[in-house]
Amino acid sequence: HADKNAQAFWYPIGENRAACVACHSGVGYIDAVSGVSMEERRTDYQIITCAVCHDPHDAENPEQLRVFDSVVLPDGTDVTGAGAAATCMTCHNARTDPVASVEGENLSLPHYSTAAELMNGVGGYTWGEDLPSSLHGRIVENTCIGCHMATFEELPGSEGAEGGEGESEGEAMMGDFSTVGGHTFAMVSPVDGSENVAVCQDCHDDVESFAFEAQGDYDGDGAVETNQDEVAGLLELLQTALTDNGVEVLDHHPYMAMPEDANTDLKGAAYNFKFARDDAAASHNLQYTVALLQLSYEKVTGEVVPNAELLTP
């Protein structure tokens, strides 16, 4: 959030980017959540400093947050009781309504971070189906910040933890908020790759990595791999199905080049492909992600994912 050289802050700003600055400029965000019309918002360069999320002149909300407890997602989902995580969800969402996008005249694909939708089990194009969903959004205390701001704790027996060498036990349990947890919001240290899995252990006993072994072979490749690998396999299958039907997957906006005769099934699958490419989709909501990709594959090809364990509605 405070990387002054990040493309997210120097590229999607300026007077022609009034819709983007609600998240990509600090002053743009302040104006947007304060109700300033898009035409009147400031569009200047500014990173996300403390006073962007926290209002130094208003203590109505806990922690003086500008957004607290409630947020409406782009698809109309009204999230209540989110606490401080409502601040995160204000920006970390798809920016699009799947039904309006897929069934409208112009297909608009999701933005890069779909965490808010995934944590709430919504946001994909489901053809009216009710898909299974993981429980993270309901059982993780404070949702987003319950994990991303969690105190970093070294695993027992690791270097620096109790029974290991290096730091004292107290220092190890406090961790280093300069690289993981707290206001870094990082789950993995960019310095040494440490994964802050302690919060996972409340439900997943003895896990030592975010690379959980899957409960089934969801991509049908004959092996039960990690959740992340299963999702990657499904994305690969769906991409092949899309390209076989004339879709060109791009590495930049608008993300897909669609054939002129694309029907709703092809548009919906393309939408879900982009939606599920969120880097942490497998962690945020594995069941919803897998079910969405499997359903999309079936809609495009006319058959279920071969040899896969299906997560059905």
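Visitor: Why is Asp31 called buried?
Guide: Asp31 has a relative accessibility of 9%. Buried means under 20% relative accessible area, exposed means over 50%, and partly exposed is in between (1.4 Å probe, protein chains only). Asp31 therefore counts as buried.

Visitor: What kind of model do these values come from?
Guide: The model is predicted, with local features needing pLDDT of at least 70 and side-chain atom pairs counting only at pLDDT 80 or more, while totals for chains, interfaces and linings use all residues. Residues are numbered from 1 along each chain as its sequence is written, and side-chain values use heavy atoms, with hydrogens and water left out.

Visitor: What makes Asp31 and Arg42 a salt bridge?
Guide: The term requires a side-chain nitrogen of Lys or Arg within 4 Å of a carboxyl oxygen of Asp or Glu. Between Asp31 and Arg42 the N to O distance is 2.9 Å, so the pair qualifies. Arg42 is partly exposed, with a relative accessible area of 38%. The two residues are eleven apart, Asp31 in helix H3 (residues 26-33) and Arg42 in the loop between H3 and helix H4 (50-53). Helices (H or I, at least four residues) and strands (E, at least two) are DSSP runs, numbered from the N terminus.

Visitor: How many salt bridges does the structure hold?
Guide: There are two. Arg66 and Asp55 also form one, at 3.4 Å from N to O. Both residues lie in the loop between H4 and strand E1 (71-72), so the pair ties together parts that are eleven residues apart in sequence. Asp55, at 17% relative accessibility, counts as buried.

Visitor: What makes H3 mostly covered?
Guide: Six of its eight residues are buried: Gly26, Val27, Gly28, Tyr29, Ile30 and Asp31. What covers them includes helix H2 (21-24), H4 and helix H5 (85-91). Just after H3, Gly35 has a positive phi of about 90 degrees.

Visitor: Why is the pair of Tyr125 and Trp127 called edge-to-face?
Guide: Rings of Phe, Tyr and Trp (its six-membered ring) pair if their centres lie within 6.5 Å; planes under 30 degrees apart count as stacked, over 60 as edge-to-face and the rest as tilted. By this rule there are four aromatic pairs. For Tyr125 and Trp127 the centres are 5.0 Å apart and the planes at 75 degrees, so the pair is edge-to-face. Tyr125 is buried at 6% relative accessibility, and Trp127 is buried at 19%.

Visitor: How do you know that Phe275 and Tyr288 pair?
Guide: Their centres are 6.4 Å apart and their planes at 70 degrees, which makes the pair edge-to-face. Phe275 lies in helix H12 (residues 264-276) and Tyr288 in helix H14 (residues 286-301), so the pair ties together parts that are 13 residues apart in sequence. Phe275 is buried at 1% relative accessibility, and Tyr288 is buried at 3%.

Visitor: Why is Lys274 said to lie over the face of Tyr255?
Guide: A charge sits over a ring if NZ of Lys or CZ of Arg is within 6 Å of the ring centre and within 35 degrees of the ring normal. Lys274 is 4.3 Å from the ring centre of Tyr255. The charged end of Lys274 also sits over the ring of Tyr112, 4.6 Å from its centre.

Technical notes: Contact means heavy atoms within 4.5 Å.
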